[in-house]
Amino acid sequence: MTKEQIAQNFAFVREQIREAERASNRAEGSVTLCAVSKFHSAQAVLSAISAGQTLFGENRVQEAVGKFKDVALQSDKPFELHIIGTLQKNKVKKAVEAATAIQSIDRAELLPQIEKYCAVLSKRIKVFFELHTGEESKSGYRSRDDLFLTLEGFERQLYPHITPAGLMTMAPFTDNEGLIRKSFIELRETRDEARKRFPSLPLNELSMGMTSDYRIAIEEGSTMVRLGTALFGPREEP
Ligand SMILES: *Cc1c(COP(=O)(O)O)cnc(C)c1O
């Protein structure tokens, strides 16, 4: 895609988000756009930055680190990177160095490692807990109880450098709008329940909504949509 096409896509998507906010009586600007640049080039990211985008999401730490090193060399505008794919333990250090948030925490086991590297770098990081809400997706916490057990660690202040910012999910890949909506409702209700149980934790964010379903996600309370295809076109995945 050309730089102009990418700029047009951003303008279109931002307008769609504003419209969806209005349609569901939500404040303008209450939904943040995370631009998912996985499998797209540093050049595509630079085009997005020129179009005013600052927040990017990447699945794979290795790919993200290389790409955003190139981006930083070619642009002096600030950007933020969120890791949105399942995190391997041996990638935690690199992830902590490169990202301001990890949206795909699916087990408590990752947290002591994240805390350790944040402490070394004197850096705070945000995490989102991924909940498994749709049959097709493989990742995420399977049960609320496991998630709540993880949150107890935050209540006991085991991770002073980590902010538990919210929850994330992927809806099932289906045309069945009812199933998609159910998935988003489950995430919202789990977030609300978690906030009731753990009032000292922020847990504000609901990261939900991708290219095919972000309007539904915004209707159901999404605070962050993660869009790739709508912004950068189709990916060539290996
Ligand atoms: C790839 C990906 C997205 C973006 O998907 P699109 O359908 O291209 O918008 C969002 N979230 C996660 C976790 C992804 O892996």
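Which backbone N or O atom lies 2.9 Å from an oxygen atom of the ligand? I looked this up in the predicted model, and found that the atom belongs to Gly228.

**Ligand site.** I then listed the residues that surround the ligand, and these are Val36, Lys38, Asn59, Ile84, Met170, Met210, Thr211, Arg226, Leu227, Gly228, Thr229 and Arg235. Turning to side chains, I noted that an N or O atom of Lys38 is 2.6 Å from an oxygen atom of the ligand, while for Arg226 a side-chain N or O atom is 2.9 Å from a nitrogen atom of the ligand.

**Helices α2 and α3.** I next followed α2 (residues 42-50) against α3 (residues 61-74), whose axes come within 9 Å and cross at roughly 50°; the two helices are therefore oblique to each other, and their crossing is right-handed. From α2, I recorded Ala42, Gln43, Val45, Leu46 and Ile49 as meeting Lys67, Phe68, Asp70, Val71 and Gln74 of α3. Sorted by class, this contact holds 6 nonpolar, 2 polar and 2 charged residues.

**Helices α6 and α7.** My last entry concerns α6 (residues 144-155) and α7 (residues 177-197), which pack at an angle of about 40° with their axes 11 Å apart, and here too I noted a right-handed crossing. On the α6 side I found Arg144, Leu147, Phe148, Leu151 and Glu155, which meet Glu186, Glu189, Thr190, Glu193, Ala194 and Arg197 in α7. The residues of this contact divide into 4 nonpolar, 1 polar and 6 charged.

Definitions and conventions:
Residues are numbered from 1 along each chain as its sequence is written. This is a predicted model: local features need pLDDT of at least 70, side-chain atom pairs count only at pLDDT 80 or more; totals for chains, interfaces and linings use all residues. Side-chain values use heavy atoms; hydrogens and water are left out. Axes are lines fitted to C-alpha atoms, for helices over the stretch in contact, and angles run from 0 to 180 degrees between N-to-C directions. Helices (H or I, at least four residues) and strands (E, at least two) are DSSP runs, numbered from the N terminus. Angles under 35 degrees count as roughly parallel, over 145 as roughly antiparallel, 65 to 115 as roughly perpendicular and the rest as oblique. A crossing is left-handed if the near helix is turned anticlockwise from the far one by less than a right angle, and right-handed if clockwise. Contact means heavy atoms within 4.5 Å. Ala, Val, Leu, Ile, Met, Phe, Trp, Tyr, Cys and Pro count as nonpolar, Asp, Glu, Lys and Arg as charged, and the others, Gly among them, as polar. A residue is near a molecule or strand if one of its heavy atoms lies within 4 Å of it. A polar contact is a pair of N or O atoms within 3.5 Å; within protein, one must be able to donate a hydrogen and the other to accept it, and residues adjacent in sequence count only if both atoms are side-chain atoms.
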